[in-house]
Amino acid sequence: MRVRAQMSMLFHLDKCIGCHTCSVACKNLWTDRKGAEYMWWNNVETRPGTGYPTGWEDQTHYKGGWRRDRNGRLRLTLHSRGGGLAKAFYNPVLPELDDYYDPFTFAYGDLFSSPLSDQQPTARPVSQITGQPMEPASGPNWDDDLSGSDVYAANDPSLDGVDDAVRAQMEEIERVVFNYLPRICNHCLNPSCVAACPSGAIYKRSEDGVVLVNEDACRGWRMCVSGCPYKKVYYNWTTGKSEKCILCFPRLETGQAPACAHSCVGRIRYMGVLLYDADAIEAAASRPDDELLDAQLDTILDPTDPRVEQAARLAGIDDGWLDAARRSPIYRFVKDWGLALPLHPEYRTMAMMFYVPPLSPLMSAVEANLTRLEVPDGAGPFEILDDLDLARLPVDYLANLFSVGDRAPIEHALRTMLAVRTYKREQVPGGAGGNGAGGNGAEPGADGVGPATLAMLESVGLTPERAEEIYRLTTTPTMDDRFVLPPYHRELAIEEVNDPLSAKGSTGFGAITGPRRGS
C-alpha cells in the first residue's frame, strides 16, 4: 500500500442555481488575458445539453481517456506510441475553435465616440481574435437553460440508452427540466493528458495530486487537449503553450479555497483531502465497465484506519494532512454516505471531483389543456417522490453521467436525500407527514417523526443521528465545514532550494519571466 494525498472538490448539484459566479471568478483571476479569451477553466453546463466544448462527451470522435484492450490492459484511446508519432503534425480529433466559440467583446467605445445622430449608438460585438465586427453564434453556455432544445438537449450523448418513451416525455414543453453541471479539471488519479503529452510537460504533484503543466517544457503538441476526455486542457494561441485549471494551488497553499469554490453563491462546493492507494490505480482503472465505479471508490482509503495512518506517515504525509483527511467532507459524502459519484468513470482516468446527483420534480401530463401531476392515489406529499421513475430527470440519464449506466448508486443517493428531507420536514409542525404523522396517520414520536419515516431512513441505512449529520453538512455548513484545507508548509519546501535569509529585508518585488514561445 502506497498512500498518497489528493485535494478533491465536491459539487452538490441539488443546490446549484446556475448563476455562473464561479465561472466569472475563475475567468477574472486566471484567463482574462491574450490567447486565453476562449478558455473557461470553470464552466457551468445545462443538462441535458451538449456542453462546452460542444459534444465533449462524444469519445467516438474526440478519442479521450483510456480503453481496455482484449487482454484487460489499459491503452490510450487517442493513439498508440507509433500512432502518436504519426499524428504529431496532424491531429484530426483536436477540437477546433468553433467547437468552443469565437470569443467576443463589445465595442463599448462607440457608445461615447459615435457622432451626433438620430439613432441610438450601439456597442457591436467584436471578435477578440481578429478585432473585426462579428455575429456571435455560440458561447461557453450558449445553451443555458435550453434543456428542451432539439438542437442541444437532443444531442446529449448521455441520453443514449434512455428509453424512447422517457425521452419523449422529457421533450414535452410541460415536462422540460434541467440541472446545472459545473465542471473544472478533475485532477485525475490516472490522467490521460499526462500520458498523451510527448514532451512530458504535464505532471501530477505528489503532495496534493494537482495536475499541472510545466510551460517551460511544453512544446505545444496539443496531444493533452485531445487526450483529456473532459476537454479541460486548452491551447494558448499567443504563447504556444497548453494551459489548464491549477485548482488555485497558490490559494490552497495559503489556506484559501479555490476562487470558484470561495465565490459559490449556492454553497454547493466542498473541499477536502482524500487518501488513496497509488499501487491500486492501474488495477482499478483496468476493471470491466460494470466494476469500474466500485474499483475507483475502493482505492480511497479510510483515514481513521491505523494501518493507513502508519503507511501515510511512512510516505511523508504529516499529522496536519492526516487530521484534515479525517475531517474531510469529501470522504463523508463519497465513502461514509455514498451520496457523491465521479463524472464518467468509464473514461478510466479516475476523476477526483465528485458530484451529488440532483433530485427533480415529478413528471406531469397534459389533459384537456390542464396540467396534471402523475401522482398515485392516496400518496402523501413526499411519498409521491418515492417512485424515482416518475422524476422528470431520468435515473438512467444520471446513471450514464455518474455510474457507467448502473442505476443502483444513483437510486441510493436520491433515496437517501429524499429520506433526510422527509425526516427533517416531519420535525416541522404541519410538515411533510401532515402534523408530523409520518404521512400514514400513525402516531409520531417525541420529535414529531412517524414510524413510516423512520422505516424510510432504515431502508437506506440511515439512523436519525446520521440523517442529522447529512442535513447539517448539506444545509447549514460553515466555511470551515465546507473547506477543510491542510497545512501546506510551503516555507519548509522553499528552504530546501533557497536560503530564506538571502531575501530577508528585501522589498519582495522582482521580475517574473514568462515562458518564451518555442523555448
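Biologist: Why is Glu411 called partly exposed?

Modeller: Glu411 has a relative accessible area of 23%. Buried means under 20% relative accessible area and exposed means over 50%, with partly exposed in between (1.4 Å probe, protein chains only). A value of 23% falls in between, so Glu411 is partly exposed. This is a predicted model, where local features need pLDDT of at least 70, side-chain atom pairs count only at pLDDT 80 or more, and totals for chains, interfaces and linings use all residues. Residues are numbered from 1 along each chain as its sequence is written, and side-chain values use heavy atoms, with hydrogens and water left out.

Biologist: Thanks! What makes Glu411 and Arg407 a salt bridge?

Modeller: The rule asks for a side-chain nitrogen of Lys or Arg within 4 Å of a carboxyl oxygen of Asp or Glu. Here the closest N and O atoms are 2.9 Å apart, so the pair qualifies. Both residues lie in helix 17 (residues 407–426), four residues apart, about one turn of the helix. Helices (H or I, at least four residues) and strands (E, at least two) are DSSP runs, numbered from the N terminus.

Biologist: Are Arg47 and Asp156 buried or exposed?

Modeller: Arg47 has a relative accessible area of 0%, and Asp156 has 2%. Each value is under the cut-off for buried, so both residues get that label.

Biologist: What makes strand 12 mostly covered?

Modeller: In strand 12 (residues 269–277), nine of its nine residues are buried. Arg269, Met271, Val273, Leu275 and Asp277 point one way, while Tyr270, Gly272, Leu274 and Tyr276 point the other way. In a regular strand the side chains alternate between the two faces of the sheet.

Biologist: Why is strand 12 said to pair with strand 1?

Modeller: Two strands pair if DSSP finds at least two bridges between them. Strand 1 (residues 3–12) and strand 12 share nine bridges in the antiparallel sense, so they pair.
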